[in-house]
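Student: I would like to go through this model one question at a time. Please show it first.

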Amino acid sequence: MHDIATWLIKINNFPLSGVFVVSTTVVPLRVSESRFAIRCRRRRAETTRVDASPSRLAMALFLALVATFLAGWLCYQWYCMWTVRRKLAWMPEVPGGVPILGNILDVGNGRDMLKAFTRYVNTVGELCTIQLLYEKYILATDYDFLEFVLSSTKILDKGNEYQHLHDWLGSGLLITTATKWRKSRKMLTPAFHFSILEQFTDVFEKNGKILVEKLEETCDKEIDVHPYITWCALDIICGPLQVPYYEIFLESSMGVPIQAQDNTDPEYVFAVKDMCRILIERMFSLLGRGQWTYKLTSNYRKEKKHLNVLHSRTKSVIQSRKKEGLNQAKAAIEDEDIGSKKKLAFLDSLLVANIDGRPLTDDEIREEVDTFMFAGHDTTATAISFCLYCLMRNPEAQAKAFEEQKTLFGGTLPDTVTHRDLQEMKYLECVLKETLRIYPSVPIIARRTDSEIVYKDGKVIPKDTTIMIYILGAHMNPKYFKDPEKFDPSRFETNEGNKPFAYTPFSAGPRNCIGQKFAMLEMKSTVSRVLRHFEILPPKEPKVPDLAAQAVLASLNGIHLVLKKRTWT
Ligand code: HEM
């Protein structure tokens with residue numbers, strides 16, 4: 001206390017800082033007034049003689065300004081929250097919040113967040129409000145509300161939290177504002193036409209073969225399968241980007257043409273994973289939320305390093321395709337002029353695209369490529385890994401899925417499968433859908449209102465409110481899925497009782513996942529190949545996935561299983 005008081009007195013030499021000192025130290029200073037007063041006078045005399053420098057005055061002024069600014073800012077945030085809270089009084093509020101921090105202490109990290117959100121929707125309500133730091137959020141698993149929000153053409157902006165990805169993904173399709181999104185989505189949709197998707201069966205197959213070779217080396221041993229699948233998914237996403245991953249490597253560092261699966265690129269994958277962690281941490285950190293204050297954190301420095309890696313890889317992809325692919329793309333466009341409608345795959349369509357009557361800049365192309373590299377590999381890798389885990393845990397479903405393969409291909413183990421074969425794998429599709437119900441790769445998404453929206457019966461959603469759609473919560477709601485904990489692919493065999501807005505692993509409505517058909521084909525190709533070659537068995541000491549929301553759903557303790565070579569007779 002003595003040291004603090006001495007320090008305060010030093011500042012108190014200056015007129016403005018006195019306000020600050022008095023306001024913060026009235027009680028402690030009274031305690032030993034007389035002795036203290038003497039010391040103060042002595043101190044003052046000393047400091048006036050020695051220390052009355054302009055830099056101290058400036059410091060005191062600065063502190064006073066910061067304090068005033070902080071107090072003003074907190075009052076403003078509180079007022080905004082109070083206004084939103086009043087308008088959202090028609091929803092129950094998650095109790096137990098503390099001043100300023102709200103319910104943040106329940107929700108401190110990705111793992112706790114899933115647990116807390118599940119508890120809230122089960123105990124407070126399928127539609128409720130929650131305070132995280134100084135902001136009120138809506139947390140929703142209520143069917144009518146989900147339908148209203150997801151199918152709305154007015155609530156198209158993403159939550160502010162997505163902007164933490166801005167330095168990486170710029171205004172790529174995933175995070176961009178509604179106005180730009182409309183143009184970009186229109187431009188990119190043809191690149192996911194089914195005639196384009198058909199071309200990628202070869203890419204899935206080629207990379208699936210490499211995956212099986214890699215997994216053969218691990219036979220009969222316990223492995224965490226997720227890294228293997230991640231490498232494969234990374235190679236595959238370079239299919240629509242039309243540049244084999246080894247070329248990215250070739251350009252960026254290694255100098256030897258090799259596949260990602262042959263030579264893992266720990267830097268890239270680590271950078272992606274760590275960016276996802278940073279995204280979630282920023283959501284719950286006072287410093288992380290402010291643009292300026294974030295720069296004071298160690299996460300900011302890490303992000304800068306990651307961005308170098310991430311952007312250098314994508315720039316290489318674009319340069320590489322520009323060198324060899326632009327002419328082909330132009331030729332294809334010319335074909336279109338003479339009437340033979342040729343659809344361009346993803347990167348070519350960006351290279352020749354026009355937006356607002358001009359070609360895309362290199363940065364705009366990079367932002368879209370970054371977006372697809374991110375949205376298109378981690379999501380599918382997660383889903384495939386969890387699907388293998390579900391097949392391991394459910395031997396009956398595994399046997400049935402394997403039987404389907406046998407029926408489809410007869411006595412000969414196929415070397416490659418066709419697009420048509422993939423479409424015939426109906427039971428496997430149910431297995432994948434059920435996996436995505438219990439383990440949705442994206443467990444939470446967020447939208448933000450840019451004006452006041454009238455919901456129903458005059459209830460309003462105020463302007464600037466973030467709506468968190470808890471996809472995992474809806475998927476595990478017994479009202480929508482009987483016995484939700486049970487892995488039961490047969491739920492998806494018929495459309496009976498189908499409630500489209502209760503099952504949204506790819507989101508729903510206008511801003512749904514543009515890559516969902518691509519993802520389903522990739523997952524079928526990869527899982528069916530693993531299934532044809534291996535029996536998936538539990539390790540001696542099975543591990544239940546320790547789930548956490550890290551932008552994409554993660555199992556913090558990996559996904560452990562044992563693969564045993566099958567004989568195909
Ligand atoms: C199992 C795999 C996948 C899952 C579960 C999944 C899920 C989702 C979800 C839930 C969204 C909505 C995000 C939001 O509103 O914040 C989304 C959007 C998106 N996804 Fe996927 N995705 C998958 C695979 C893919 C693939 C393979 C690609 C690319 C080839 C892709 C590209 C995108 C893009 C670009 C968006 C933004 C769409 C827009 O805003 O218009 N996704 N995805």
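Student: At what angle do α19 and α23 pack, and how far apart are their axes?

Tutor: This is a predicted model, where local features need pLDDT of at least 70, side-chain atom pairs count only at pLDDT 80 or more, and totals for chains, interfaces and linings use all residues. Residues are numbered from 1 along each chain as its sequence is written. Helices (H or I, at least four residues) and strands (E, at least two) are DSSP runs numbered from the N terminus, and axes are lines fitted to C-alpha atoms, for helices over the stretch in contact, with angles from 0 to 180 degrees between N-to-C directions. For α19 and α23 the angle is about 90 degrees, and the axes are 10 Å apart.

Student: Is α19 roughly parallel or roughly perpendicular to α23?

Tutor: Angles under 35 degrees count as roughly parallel, over 145 as roughly antiparallel, 65 to 115 as roughly perpendicular and the rest as oblique. The angle here is about 90 degrees, so α19 is roughly perpendicular to α23.

Student: Which residues in α23 does α19 meet?

Tutor: Two residues are in contact if their C-beta atoms, placed from the backbone, lie within 7 Å. From α19 come A401, F402 and Q405, and they meet S528, L531 and R532 in α23.

Student: Which residues in α21 meet α19?

Tutor: Helix α19 (residues 395-409) packs with helix α21 (residues 426-438) at an angle of about 145 degrees, their axes 8 Å apart. On the α19 side are A397, K400, A401 and E404; on the α21 side are Y427, L428 and V431.

Student: In what order do the five strands form the open sheet?

Tutor: Two strands pair if DSSP finds at least two bridges between them. The pairing in this sheet is mixed, and the order is β1-β2-β10-β7-β3.

Student: Which strands stand at the edges of the sheet?

Tutor: An edge strand here has a single partner, so one of its sides is left without a neighbour in the sheet. The strands in that position are β1 (127-132) and β3 (157-158).

Student: How many bridges join β1 to β2?

Tutor: Strand β2 covers residues 135-140 and runs antiparallel to β1. L132 stands opposite E135 in β2. The number of bridges is six.

Student: Which element gives the largest share of the shell around the ligand?

Tutor: A residue is near if its C-beta atom, placed from the backbone, lies within 6 Å of the molecule or strand. There are 24 residues around the ligand, and A375, G376, T379, C513 and G515 come nearest. The largest share is seven residues, from α18.
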